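The entries follow in the order of looking.

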Amino acid sequence: MAGIIALLEEALYDIVQIATVLMEFFGVCVLVYTALRSFWHWARRDGHNIRLALAQGIALALEFKMGGEVLRTVVVREWSELGILGAIILLRGLLTFLIHWEIENERKDMEREKR
């Protein structure tokens, strides 16, 4: 029975590691795509809401990165690792909150300009 549990723990660890890397990768892909797209629109001067699109892309990328950190907490074995992961999650959550606040302010500014 102990052998089966050890095998299942190892399988869970491997699955979480792969899923974490995928989540981090998706976050990086979203961020790079959004940055390149925003830069393209800025260079062509054809976008009115470049800042809004960039902020939304950054927020989405942070959500993927935070998802990877949450997954990583499943396989943490020591309290020091958990503390570091908790701090990372807290900082990314704070950044996400601030970016969403900026998005709302940008939307309000755009609505005021339309009037």
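I began where α1 ends: the helix is followed by R45, whose phi is positive, near 55 degrees. Helices here are DSSP runs of H or I with at least four residues, strands are runs of E with at least two, and both are numbered from the N terminus. I noted that R45 has this positive phi of about 55 degrees although it is not a glycine. Most residues other than glycine have a negative phi. R45 sits in the loop between α1 and α2. Is R45 buried or exposed? It counts as exposed, because its relative accessibility is 69%. The cut-offs, taken with a 1.4 Å probe on protein chains only, are under 20% relative accessible area for buried and over 50% for exposed, with partly exposed in between.

A note on the source: this is a predicted model, in which local features need pLDDT of at least 70 and side-chain atom pairs count only at pLDDT 80 or more, while totals for chains, interfaces and linings use all residues. Residues are numbered from 1 along each chain as its sequence is written, and side-chain values use heavy atoms, with hydrogens and water left out.

Next I checked the helix lengths against the expected span, which is 1.5 Å times one less than the number of residues. α1 has 43 residues and reaches 63 Å from its first C-alpha to its last, close to the 63 Å expected. For α2, the 23 residues should span 33 Å, and the end C-alpha atoms are 33 Å apart, which agrees. α3, residues 79-114, has 36 residues and reaches 52 Å, close to the expected 52 Å.

I then looked at how α1 meets α2. Their axes come within 8 Å and cross at roughly 170 degrees. Therefore α1 is roughly antiparallel to α2. Axes are lines fitted to C-alpha atoms, for helices over the stretch in contact, and angles run from 0 to 180 degrees between N-to-C directions. Angles under 35 degrees count as roughly parallel, over 145 as roughly antiparallel, 65 to 115 as roughly perpendicular and the rest as oblique. The residues of this contact of α1 with α2 divide into 17 nonpolar, eight polar and five charged. Ala, Val, Leu, Ile, Met, Phe, Trp, Tyr, Cys and Pro count as nonpolar, Asp, Glu, Lys and Arg as charged, and the others, Gly among them, as polar.

How do α2 and α3 cross, and at what angle? Their axes come within 9 Å and cross at roughly 160 degrees. That makes α2 roughly antiparallel to α3. The contact of α2 with α3 has 14 nonpolar, four polar and nine charged residues.

I listed buried residues next. Those of α1 include V16, T20 and E24, and the buried residues of α1 pack against α2 and α3. In α2 they include I50, L52 and M66, and the buried residues of α2 pack against α1 and α3. In α3, R92, T96 and E106 are among them, and the buried residues of α3 pack against α1 and α2.

Last, I followed M66, which lies in helix α2. M66 counts as buried because its relative accessibility is 15%. Which residues does M66 contact, leaving aside neighbours within four places in sequence? They are I89, R92, G93 and T96, where contact means heavy atoms within 4.5 Å. The C-alpha atoms of M66 and T20 are separated by 9.7 Å, with the two residues 46 apart along the chain.
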